[in-house]
Each structure stands twice: as structure tokens, then as C-alpha cells.
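Have the structure open while you read.

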Amino acid sequence: MKKVFSLIFIGFLLMPAAARIIGIDFEIQVDRRGLELPRFSGPALFDNEYYLAFDQYINDSFSLRSPLIFAKNWLDYNIFRMTDTTGVHVGTDGWLYRRKSIEDFRKEACNDNRQVEWLILELHALEKIIEASGRRFLFMVAPNKTTIYPEYVGFMPNSASCDNSRYELFLENVATHKLMSFVRLDELLKHAKNRYAPLYDKASTFWNGLGALVAAENLHQQIDNHGSGLRPLFYPSFKTDPFGDLKRQLMGLCLPDEDKPLRHFKNPYQPDLPAAIVYGDDFMHNLLPYMIQMSGQLDVVQSERVPSKQHGEDLRSYEFILLEKAESELETLRIDLDEIYSLFEPEATNLERFPVNVEAVVPVSHISLDYRQQVLQIKSMGNQSVFELPSIPASDDNIFRVLRLSIETPHSDLLTIKYRSGMPHVVTKSLKPGLTVIYLPLPFQNSLTIQIQPSTKAGFFVLRSIEVLGFPDEQTTEEPFYEERYVDVTDQADWIAYLEAASGPTMANAEGGLDTSVDSMQAPAVNVEKEVAKLETAANNSSTAKANPSYGSPHLPAGLKAMFYQTDDDDEILTASQENTIRHNKFAEVVFDDEAGIASREFSIKVNDFEEGRIFQRTGRSADIVVSGSYSGKPGAIEARVVMAETSEEVVPWTVIDGSPQNDIFAGVLPQVPQGGWYNIEVRYNSNHAIAQKGSCKWGVGILVACLGQSNMREWFYTGTMLNAHELLRKFTDNGWSEIGNQGHAAIAFGNRIVERVGIPVGLLDYSKNGSGLRKEADWGTGYWEDTAPGSIYSRFLKGVRQVGGAIEFLVWIQGEADAARGTVTEQEYATSLKSFINNQVRADIKNGSEREYLPFLIVMMVKRPGGEDEPHQAIRNAQKYVTESVADCYLAATTHDLKNKGKQHLSPDAYITMGHRVAQTVLYILGKEKYYRGPTVSTVKRIDNRTLDIKIMHRGGTDFSPDSGISGWKVLANGGSVPIKEVYHYDSHTIRIDLAHPLVGSAKIRYLYGAMPDSKSPVFDNSPIALPLEAYQAEIHYQSYEKILDPYPSP
Amino acid sequence: MVFSTTIFLFAFLPAVIVCYYMQRLLFQKRPGNAVLLFFSYIFYLYGAAGFLLILLVSTFADYLLGLLIERNPRHRRMWLSLSVFLNLGLLVYFKYANFFVEEINAVVGHFGFSPIEWQHVILPIGISFFTFQKLSYIIDVYRRKSRALENVFDFALYVAMFPQLIAGPIVRFSFIRDQLRGRSESSDMFYRGIMRFCWGLAKKVMIASSCGAIADVIFVLDPRLLDTKFAWLGAIAYTLQIYFDFSAYSDMAIGLGMLFGFKLPENFKRPYSALSITEFWRRWHISLSSWFRDYLYIPLGGNREGMVKTCINMAVVFILCGLWHGANWTFLLWGLYHGLFLILERLIGLRDIPGEKYRFVRRATTLLIVIVGWVFFRSEDISQAIQYLGVMFTASDLPLSYELSLALNYRNILFMMTALTVFFMPGDFSGISYLTGKKGPTMLLAGALMILLLLPYCAALIVGGSSSPFIYYRF
């Protein structure tokens, strides 16, 4: 007997291996990460990372995984009524809830009141402008399951907090100032839940078909009340996933893909109904069949932002806009009022405009305001500078008001608006060079004080206009839709009866378990999934409403330029008119510290010196520099000049920068400071040249390069101490400008090469983050680059760019490992995200300092990674390559497969030098200093005979290649295995010959330097001065021709 | 590699069993030491790839030094000193250098001096265990209690045998010497090995992990949400977790040894049934406490040089015993805490009370002292320990926090309740001995159920990621 048990034990241990060998495939498909066996190599043997990857692979792929996990989760759920799945809460009677909704259920949102108030204000503003433009707008909150079915949540500890959920705060606020467009659903659903079958499935986060029907009927009535001529809703059948999203999560089953493109539908029955767009979430899934019936054409966007950034929808094409948000996701709603108002304001009728005199703006601290030529010129000293708007009427129950500010500036910065009274709130807005129009909803209160900090650093602004836009309420007797207005869905009693019959027992005695509640709801109508798909296909074939985003860099208007860049003549005119304008000038009281001692001296001047080593981004061959400072006495005008720091040789002669300095502050632009450095700045009274000051810090005008990515970019600045940085090379971090010294081979090799060739300062913005992903799924705890939220790594980078002036000339990107890790991100996803990151984030947020049409984006291919998996790595590389080929001014700055590794996925110090030189070569190519930047590439693979292949290569910078023999890195795959290679050697200057050990039959794949850790002991280099490597290659060749024209990276 | 992982259960273990017995089939007269050694190094490589060389070199060095001690009587003291220096040197460097540098930097920082630049040292897994094993070998050879091993592979297997390499038990050379060459495997032993391994696996994966889930939440809970009852719950949960975690490892190690014919020493003997702290240390981590007794306490003089010296010796031993667990003030304090109670028991004669007298009170008091001691052991630093103990011994009553309510699910409560039975079991009761020791169909059926039900459930918990690493893995 003991032997039998021993054999059972051994048998159990061997079962996974046996199942794998036999090829038993369990039907249950538990969510896997799809990991691949890490590649084995000598160095990997002593690398913990390799074993970690191996461990993860075994866990992910061993054959008993699915049944074991399923069984364990089943036991946890059915026996212990619990789960280890973090996103799911197990309630009583097997009811499942989304864990996030439990936060709402526990009513701990008191600290969110300000956020909620602001959200409501934005919704009011959104409602008013959309309706003023002649369109319809509705907003609805899809209630959490915990809100409709709290009785099944189970035991929940008392909250020590304030006993209010975010949604309750929302309702409280909405009750005070009625939001006509708000369709309240929670009361209706609660009312309906006791009358019909369950409105939410036990195992799903979202309402089911019946719940959606209740919501849809109310929406339908709301729309039809306005005389839209809607037909009664047609009730389709629903095919519900028996598991539901929560049970899928709980059981560890695969979840459906979350690719959410803009979807188009057409209403075949009433195509003449208005076109509509819906911004929503997964609650929309069951609502869609009804929504399609309420519009002629329906576009659906799943996005947290309105309008979405990535779908390119044109809101003006729709007559009806619906915004749906899940209760638990209210906090994530982002409404871009500036964009929406800029779209709809020109079409708005019944809009009252109240201009506010900009003269009435008063300074608060450290700011100079100068009213002239009908506009207010603002000289800001940076963070401390604040001005206050005149008292403006706020919103009330009869009229909703929005403040409209037009601000012009030559540089980018961050503007901060503080609502000082009533509802204290802080809003930040990005200012871009040129004119920015800002819309601020005004809260419901008697009076309002708004203070504005125009910038984070010294700069110029012109406040062109202040307007209050008023939206008077139309006198209507209509009550808001969220008040008690229960729709009797029994109008369609037959269908309801059918539902009740089909779904078995009602709530009171629903003991059937998870899988039975809605599974059988198969009404004898059309299948909605199919109908939706059909309608979607039809709509996709028709024209769609899409905006064409353009990414041109903004240019400073000539008028603004003339105002900022005063000539001597201007100065004379201004001086002559000073007496007339002086009464309009207002100044903040400036308090200086003792060290400056300005206030106590009668005549003195002090320049706000630039940070030591600061580099201004050039525009063309020069830069316009904002100079500011303080003085005491009566200077008349302030002049500035630039001298060489070493020799004091004059670079820019004395130039009037501020013709009318006021109240101890001066600021102005010193135009056309030529590229070069290091410089010092000098300022003086133009009426008394003896009163002058020379800055002590060195600064220059040159090239700024942003360095982004993850650890291999980080290593640019840390690995290697054998080089010395050129005197004109600097780096910029959150801590400011600093010398690079001798640390960081790649950064020094890169920077030095550019400095030596161009002869001007080069500044590297070090904003990489170890382990950072591009996409959200690849956020392993250190952030991801698509995240634009405050405090994100991308926001931090933008802050840095603003600190250096808002413009850069190049961006170098070394990233991808985090997205490749564990096969987290697919090739398609990475490519889409990287394109969006380049076009919609980087190029939209940062001024292009280069002479190219778009900011040059330089991508360095991912380096080798011992222990990494081939497919995910290659997928990211393919995506990177695809992006360099499909996005304008995007460059494959360096390939890295040939570079020597040190450690897991980093390079040796010498390899970083090579990498730095290669990227510098790309920069020099873009600057027109070099004729090539990429190495040779494969053009054709030709079969000579069944044992010989010729690889034809196309040179770029070189004419021949090395080595002559023993070339490594090539692989020929056929019939599911690798074809042994006898020899790879130099045949002629354009041909590599591969001699195969076995004859090649059938189709084959040819690969060169492919995968996570290709064999690059002896790769191909051209004979160009920097010996560039042959680029990686992958293609399939077929027996018919055995010839393949280059297409190494098919487009995703 | 850790026992409670998929790779160990479903790849390594079947592979080593199959290879070992294949070798036995093919070469019946040779024990499968080569197979075990090969797999032991793979086992170590998998968990500490970068440190295999250290294990190999230090093993070879001690092998040579052992031979030198035996064959070179005139310099045997020198070779012993060299071995002790090398072994303790490595241990101190890897285990304590970071701690020392941090403490020194904290002190010099107060005086405005710049800190020592230091690259953080990573601790090689199992170094505390295999270092003590090698020291016991060298000292036994020096004391002429054992002969030095001639065969380097046998010695290497003694040091690196995978069942006890990472977390013990610390096997004395004298205990296992004969088994290295002359052991015999049997189906009965194999069966008992399986049962012991499964027993350990279930203790670890089900019970220790559940208790750990509760303890982990409570020990990181915001102090403002912690009240007396939850503080006690946390301390008890950790008391159970550490026992079930560590004893489970020992069970699995002993069970694995039995699969290959080895009989490894017992490491635990119902420690929470002890009637005094002195007895507790005879029942808890027996291989370590007896190592300290034989190789430190007795050489220091033991109890032969008067009460004062005895007390000093005991304090030294327990401070070092605390530090053996890790470079942290909390471990030192924990060792000192136990040392003080041992001294107290000796001074007031508590250890001499006859076994049955005041049994309940003594057992409860001992358990209370031990539970409080574990608070030092579990806390991140001394201030947390003091704060936590303050909550334990100050009456307060707060509502249950949401985080804790999640940990207090039916599964964790059921397994913790099961674990609580150890507080009440007789001191000489052994569950696994009860299951495997008696003949008869009932026990066999229980064994079968254990294999057929518990093993797949444990495997599912492991694959599902519900199990945490062994606590003693990091020592």
C-alpha cells in the first residue's frame, strides 16, 4: 500500500511533464502571460535574472497551471467565499463586486468635495456651451453595483470617515445648482430592481441587458421630450457572458482584449436622426443596442478624456453628445474645456459677453503690469509673481458664467489660477508660445476673486482680453431629469414578462448561482452582437467624422514680436509717451532680501543672473533671451549686453531691453544672442552707464537634447569614468544645470562629438527613469510615459523642459525593455503608443527648437538582454523600427545588437561610448554635418543552390564590410528547426555568402541579429569611419524564388 | 530554489528522484552521492547564481583544512584558526558589513563627517547554515571527534546537500558522516519521506501563509488603526506563522532526506508546549541551539565557572544567537530578551521546578514571553517594536480596519484556528509521527488523503501565488 501511495506521489509530480509530452490541452484557459523560455547562454548561467525568468516561464507555462489555478480559485470562492484576486470583492450569496466600488460603498470621499464641485462646474460649462451651439448634451452616471445592490456586499467595517461617497457628494452638489443635462439613474434602477429580474448580474461589474434597458428607456424619454421623433425602443436579445467580468477575474480566466477604437454605427431604421457621439466605458456595452436606435449615426469613444486625444473625433460633426461615466470612475473624468469652447464658441448663440477692462487688473506680488495699446503687458519674475483680476460676477441660478482669458507669450510656461473666495481651487494651464485662450468656469457664488501666477520663471506675457461669457437660463418649466421621474418600463410588458420567465426566479429567491441568472436570456429577437457588428461594419465603410490634427510648431505673431522686441526707435517712442501711459501702470510691492540690499540704496541695478552653465535653446543660429532684474532709482530705460565670459569681448552690444521699467523691476528680451558660449550678461541704466552690473554665471546658446527612456538611458549618465566631458557640455536635471565631469560614457561621447563638430554648447536633459514603461500595462512601479497626470514621469520631464525654456532641438529615446518584459505589450500596441507619444504628447507639448518641420525624435533600438525572451523583445524592436519609418522626423538613431553587454540588460562602458557616437552621428546628419547615419542593410536574399545563400547588402556610409569570414548572427530556419550553417563569409563588397551544412528545402526564415540575445560575437561592420553595423534583418523566403526583396520589419 | 515553488515540485524534485534511483539501479553498490551533489549545486545555482563559486571555493578550502588539521598535528591550531577566520570572515562580510557601515555612517554623520562610500553587499542564500555546518566539521576534526573526510565529493555533499542547504537543519558532521557512505534506502523510508514532505508543504503553504497574511497586515497597519486586540492577534498570528513556516521547512528537509536514505536531525519538538524558556530552547531550532551550546557556550566555560560567568556566557551566546538571524538591532534585542529570561530562570531556580508542578501557569507564562519576544523579531526596528508592545499592553478598542477585514477571510481564519491547536497539544505529541508511525488502514487512508487532496491544493496555492517565501530563507 505504501508503495502505491509513493507511486501516486511520483506520478503527481511527473504529471505536468507527462501532460506536456503527450500534448494534453486543458480546456480551461487561465490567463497566462505568454512567456517564452529564456534563452540559455554561458553568462546567463550565473545571472539570477535568468533563473527568475525561467521560474516565471515555468509558472506560466506548465501544463497543470490552468486546472490547478481554476480549482484553487473555485475552492476559494465556493468554500471560503473569498478570493486572492485584488480587483474583486466577494459579497454574500456569491455576489461579486468590483473592489474599487467598495471604496465608494464605504463612503470615505469627504476630502474629495472640492474635486466634485469642480467636476460639476466643468459639467455645467460643458452643458452650456454645447447647448448654446445648438446641440444636445446629456450626462449620466452608471451606478455601481454596490449602490443598487448594497444588500449583498456583506460585512464591511465601519468607515471612520464622513459617510459620503463621491457620488453622494455629486448628487448633493447637483441638487443645489441644477444640472439639466444630468440623467440620474440610481433611483430608477433601485426602483426597478424590486420589480424585475436582476439588473446587474451577480458576477459582473456592469448592468445587464435589463439594467441597460431601464437606463435606455429613461434616456429615450429624455431625448424624445425634445421632440426628436424617436420610435419606441426595440428590445433586442442579449447574450451574456455566463462568467461575467468579475468571475473571470476571480477565476483567473483570460479577459477580453481591451483595444477600444472609435466605433461607428448607423441606425438602419431612422437614419435621419441626429448624429451622436457617446463618451463612455464598459457600461456602454449593453446600452449600445438602444443608443443606436436613438441617433442616425452613433460614434462611441471609450476614453477618460473629453474630447479624447487619440481618436481624433471632431465634436462639431455631432448634434448630440452623451457622456457616460461609471460611478466608481467619476474621479477619472477629464474635460478639456479650452478645446471644447474653442470649437463651439464661434457657433454659440444666446451667449452674453461681458468684457472686463484689463486695466483693472492689479498686481499682488513681484510683478510689473503695464497697460498700453489696449493690452496688459506683464513682466513676471517667476514663481512669486502674482496678479489679481478685478472683481467679476460669478455664476448664479439665472446665468452661468465662464471666464475667458486671452494670453500671449513668446515662450511656454505653466500658468496657475487660484480661486480665492467661495470655492478655493487651483487650476494650472499650459501656455504655449503664441496666443492661448483659457476658459474658466465661474462657481455659483456672489463675488469672486481670482489670482493668477502667470509663469514659473521670469518671462513676458500680454493679457489681451478678459471676458465673462454668460449663459442665461432659458425660462423653462422643465425640471431636471434626475428628479423623481420613474419610467414605467412595463409598457413593453411582453418582453419584460419574457425576461422574468427566462431569468428564472427573481431577486428574492435567486439561488441559482452565478451562471444561471442571465445566461438564458435569449429573447426570440435578433442577436445584438451580430447586429452591432453589422451596423459597425456598415458605418466604417461610410465617411467618419474625424479631425485632422496638425503638429506644426506655433509661431510668435509679428505684432507680439514687435511689442516684445523693442528697437531703439520703439524705445524713444515709448519714452515719449511714458507720461501718458504711466497712469495705467500698476506695480506690486517688491520686497528684496538684505543681501540684495536694493531697496536701501538710491541707485543700483541687479540682474537676475542665469543659472551657472545654463544653455538656451537656439532658434536658427541665435536665441532671444529674457533678461530681468531689479533696480533702485530712476533709470529711464534698462540696457543689457552679452560678453564672452573669459575675455569680456562683446558679443551683443548694449541694447535697450526695458524702455519703461517700473517699481524696481525690469524685464525685457535681448534678441538675437548668437549661438555659442560661455557668456556673461551685463545690465545698466541707459541714463547713467556707471550704474551697471555684470552677471557672474556662465551661460550659452546652443543645442538642447532631451534624453528619455529607462535604465539604458539612465546609464548614459552613470556608466564609465574614462572620458572627460567637453567644457561646453552640460546636463540638466531636476536639480538644475551641472557639469558632467567624467561620469557617463555615452552622454560624454555623444555630447563631445557634437560640441567638437558644431562648436557650441550642448545641454543634455537627463529625464530617464529606470524600469519605466511606455504603456500603462508596463508600469512596474516606476511609472510609464503615456501617463500625463501631475507627478508622472512625463509631467516631471515637461516641467524640466519648461525650466530650460520650453524648447529643445532633439529627443533621444532609449526604452522598451519594460514593455517587452513578460510579453506585456504587443508590437501593435507599442507602435501605436509610441506614435501617439511622439505626435500627441512630445510634439504637442514641447516647442520644436530644430529647423526640421517636427521635433526630431531619435530612437535607439533596445540592447541585447541575456535571459530575455525573443518574441516580446523582437516585437518591440519591430515596433520601434516601424515608427522610425512611419513618423516624420523620427530616426533610427542607433542599432545596438553588436554592443557588448554587462550585467542583465546594460552595456559595458566601452559599448556606451560606441552607442553615444552612433547617436551623435544621427544628430550630425540631421544638422547637415554628416552624409549618413545608418549602417548597411540587407537588400536581397538570393538562393544560389540548395546549400548556398547570398545576402546582398546596401551600403550607406561605407563601401565594403568586414570581417572576411566567421560572421556570426545569421540564422536560417526551416521546417520548424534551425538549418545548420557551415560558414558565413565575405563574398564581395556587397555580398555575404552563407554556406549551409544541410540542403534547404521549402520555405525558410532568414534572420540576422534577431531576438533578445542574438549571437553577435563577430557581426558585420561597414568600412565607414565609425564602422556601423549591418542592421538586424528578418524575412521569409519561399521555395519558388528563394529571393526576397528587403522587408525586414513588416508593418504592424 | 525554494521547496514551495512550481519548479521545485514539478521539475527539480521528480528529476532528482528519477536520476538518483536510476543511478542506484545501474550502479547498485554506489550511493548516489554524485547525483545528489550535482542536483544540490543546481539547486543552489538557481537561487543564488552569483554565489555558487563562493560555496565551491569555501567548501574546497575547508576540505583541505580538515585534512591539514588531521595530518599536521603540530599546526592544527593554526589551520583551525584559519578555517574559523575564513568562515566567520565570509559570514561577517556578507551578513553584517552593510549593517556596520550604516551604523558607522549614522554616527559619523552626527559629527559632520562624510559617510563611508559603500556598495551594498548582497547576502548569499544559506550562508549562515552552511558556514555553521563547515565550522562544526572543522571543530570536530580538530577535537578528534571525527576523522576528516578523504573524499572531497562526500564533503561537498555534506555541505551542500539540497534538503538542508538553504535553511537547515544544521547537520553536525558526526551525525551524518556514516550516512554519507553507508545509508540504505527503503520503500518504507521513502513513503515516510513523502508523508513528511507533504506534511511540511501543507504546514507552509496553507497554515503559515494564512497566519502570515494576517500578521503582515497587522504589523504594517497604521498605528492609529491598531488596538489591543488586533495587536495581540498580530503577535499570535506571527508566533504561529514563524513556527509553522520554519518547522515546515525542517519537515520538508527531513522528508526529502528520507527520500534518499538520509536521516536528518529533528529541529523542532513542539516548542510552544515548553514549560520554561530553557525548555523552549531545547525544543526550538534545536540544531542551532545545540550548535551554540557545543561550539560556543561550553568552550566559553559553560556553567562550570560560577553563576556570574555562567550568566555572562549565556548572555553572550544569546546575543550572538540573535545576531545570527540577521544584522538588525531587533534581532540582537530578541536574543538578549531570551538570554535574560534564561538567566532569570537559572537565578531563581524556575528551571528546576518538577515537570508537573504549576504546569498550566508555567506553560502559559512561557508562551506569553515567547509571543512578546516575537514582536521584537518581527518589527522593522526597535521603535516599532516598542510602539507595538505599547499597544499590546495598553487597553484600547478600535473598529476593525478595512485592510484587516480583507485578511480575516474564512480561509485564513480556518487555517489560523487549526494552527492555534499547537498551543494546547501535549508536549510530546507529533502529528506526523501519529500519521506515519502506526500501522493500519485508517492511518494509511489518512496518508492517501493527504497525498491526493492536500498536495494538489498546496500545488494550486503555489501556482496561484498565494504562498510566500520561507522566513528563514533570508537568514
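Across the interface of chain B and chain A there are 2 salt bridges, a salt bridge being a side-chain nitrogen of Lys or Arg within 4 Å of a carboxyl oxygen of Asp or Glu. One of them links Arg411(B) to Asp84(A), with the closest N and O atoms 3.0 Å apart.

A quick note on the source: this is a predicted model, where local features need pLDDT of at least 70, side-chain atom pairs count only at pLDDT 80 or more, and totals for chains, interfaces and linings use all residues. Residues are numbered from 1 along each chain as its sequence is written, chains are lettered from A and ligands numbered from 1 in the order in which they are written, and side-chain values use heavy atoms, leaving out hydrogens and water.

Here is who takes part in the contact (heavy atoms within 4.5 Å):

| Chain | Residues in the contact |
|---|---|
| chain B | 44 residues |
| chain A | 39 residues |

About 3,800 Å² is buried between the two chains, and carbon and sulfur atoms give 76% of that. Buried area is the accessible area (1.4 Å probe) that two parts lose on being put together, summed over both.
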